[in-house]
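Welcome to this structure. Here are a few numbered notes to read with the sequence and the model side by side.

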Amino acid sequence: MMTLEKFEEATDLLSPVIQKTKLIYSDHLSNGTGNKVYLKPENLQLTGAYKVRGAYYKISTLSKEERAKGLITASAGNHAQGVAYAAKLYGAKATIVMPTVTPLMKVNRTKSYGAEVVLYGDVYDEACKKAYELAAENGYTFIHPFDDLDVATGQGTIAMEIIKELPTVDYILVPIGGGGLATGISTFAKMLNPNIKVIGVEPANASCMKASLEAGHVVTLPSAQTIADGTAVKTPGSKIFPYLQANLDGVITVEDEELIDAFLDMVENHKMVAENSGLLTVAALKHLDVTNKKIVAVLSGGNMDIITMSSILQHGLVQRGRIFTVSVLLPDKPGELVRVASIIAKLQGNVVKIEHNQFVSINRNAAVELQMTIEAFGHEHKKEIIEGLRAEGYDPRDVMPRL
């Protein structure tokens with residue numbers, strides 16, 4: 001059972017181990033939604049995510065014999081680091097099975113805590129199956145990333161911190177992968193104040209919890225393809241499911257494109273990096289049809305590798321019309337390039353890349369292709385630049401940028 005006494009015990013045990021992540025009030029998100037929006041920045045946690053809470057509390061409940069056998073788990077990255085870090089503090093050996101698509105940064109960070117990493121499968125569910133096999137073969141003690149009441153209890157300590165700091169909170173938005181975080185927060189929040197609404201948020205293409213709650217039983221999705229790799233789970237936890245049925249007030253799903261937009265918002269307006277799964281709650285704010293409420297959005301993690309970050313930034317700039325590429329055909333004669341550049345300059349566009357292809361046509365006097373990647377202020381400015389080129393006799397085509 002998940003009890004108030006266990007939540008209080010977990011809070012005390014974790015106090016010297018975790019980073020205190022104070023709420024951050026967001027003027028930007030508050031003004032955009034008509035609510036008072038606060039961020040719970042678990043992306044600033046010691047291991048880069050909230051997962052260390054559940055991992056450490058779970059390991060603390062094990063006997064010395066269970067810890068001595070060695071610990072094993074499966075994870076897309078954040079639980080891996082939590083278990084590896086907690087195992088190191090307890091002096092226990094840890095083996096972590098991670099999907100082969102796990103970002104290298106998460107793999108290396110897990111290894112840095114002394115854990116052995118095994119890469120297996122394309123999604124968490126396949127890695128988890130392999131971890132169970134290794135546990136049976138070697139006698140390891142398995143630490144489930146979400147379908148464990150002790151793990152969920154550790155995650156629920158976030159609710160204690162939120163309510164202590166903001167006793168009048170109306171809504172708490174929580175990312176959902178397998179459901180451990182949502183279980184802990186919703187159960188503990190309802191114990192402390194039944195009037196608090198706890199809403200789970202899932203990627204639209206990995207919404208196993210929404211499907212399960214609608215069906216009234218745990219459902220397995222055929223796939224879980226999303227850029228939010230930390231929540232790419234096909235089957236939610238069965239042990240924790242009854243708690244979610246009782247305490248979760250709803251589930252919002254968001255598209256991957258919304259996560260890209262949320263990433264840019266977080267970097268530009270809050271000067272923070274959060275991973276795609278951690279941004280689910282920020283993206284969900286636009287879907288929450290309420291005003292004048294105090295809302296806490298849990299940023300569950302910030303473990304994003306540089307290559308993924310670069311890709312997200314580029315896609316986000318394109319998505320917002322801040323970067324775009326046009327292709328125009330012009331005669332191959334002196335002055336044409338300068339003429340096009342001057343048109344863009346007058347319209348305050350900033351050319352960041354040019355490709356000049358003289359071999360697009362056999363008749364070079366009739367057609368040379370010029371591709372220009374341009375920085376703009378947004379979609380309206382982009383439209384103004386394209387129309388400006390058209391007004392000068394060019395026929396610009398909007399093409400996908402190659403940055």
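1. A word on terms before we look. A residue is called buried at under 20% relative accessible area, exposed at over 50%, and partly exposed in between, with a 1.4 Å probe and protein chains only. A salt bridge is a side-chain nitrogen of Lys or Arg within 4 Å of a carboxyl oxygen of Asp or Glu.

2. Where this comes from. This is a predicted model, in which local features need pLDDT of at least 70 and side-chain atom pairs count only at pLDDT 80 or more, while totals for chains, interfaces and linings use all residues. Residues are numbered from 1 along each chain as its sequence is written, and side-chain values use heavy atoms, leaving out hydrogens and water.

3. The overall picture. The protein chain has 17 helices and 14 strands; these are DSSP runs numbered from the N terminus, with helices (H or I) of at least four residues and strands (E) of at least two. Its C-alpha atoms fill a box of roughly 80 × 50 × 40 Å along the principal axes. Of the 403 residues, 57% are buried. Among contacts (heavy atoms within 4.5 Å) with a separation of 6 or more, 74% join residues 24 or more positions apart.

4. Helix α7. How far apart are the end C-alpha atoms of helix α7? They are 21 Å apart, which agrees with the 21 Å that its 15 residues (124–138) should span at 1.5 Å a residue; the expected span is 1.5 Å times one less than the number of residues. Tyr-124, Asp-125, Ala-127, Cys-128, Ala-131, Leu-134 and Ala-135 are the buried residues here. They pack against β3 (71–74), β4 (94–98), β5 (116–119) and β6 (141–142). Just after the helix, Gly-139 takes a positive phi of about 75°.

5. Arg-320 and its partners. The whole structure holds 19 salt bridges. In one of them, Asp-261 pairs with Arg-320, with the closest N and O atoms 2.7 Å apart. Asp-261 lies in helix α13 (256–270) and Arg-320 in the loop between α15 (306–319) and β11 (323–330), so this pair ties together parts 59 residues apart in sequence. Both Asp-261 and Arg-320 are buried. Arg-320 also meets Asp-265 in a salt bridge, at 3.0 Å from N to O. Asp-265 is buried, with a relative accessible area of 11%.

6. A pair near the end of the numbering shown here. Asp-398 forms a salt bridge with Lys-382, the closest N and O atoms being 2.7 Å apart. Asp-398 sits in strand β14 (397–399) and Lys-382 in helix α17 (379–391), so the pair ties together parts 16 residues apart in sequence. Elsewhere, shared partners join Asp-261, Asp-265, Glu-268, Lys-286, Arg-320 and Arg-322 into one salt-bridge network.

7. One to look at again. Asp-256 is found in helix α13. Leaving aside residues up to four places away in sequence, Asp-256 touches Thr-226 and Ile-227.
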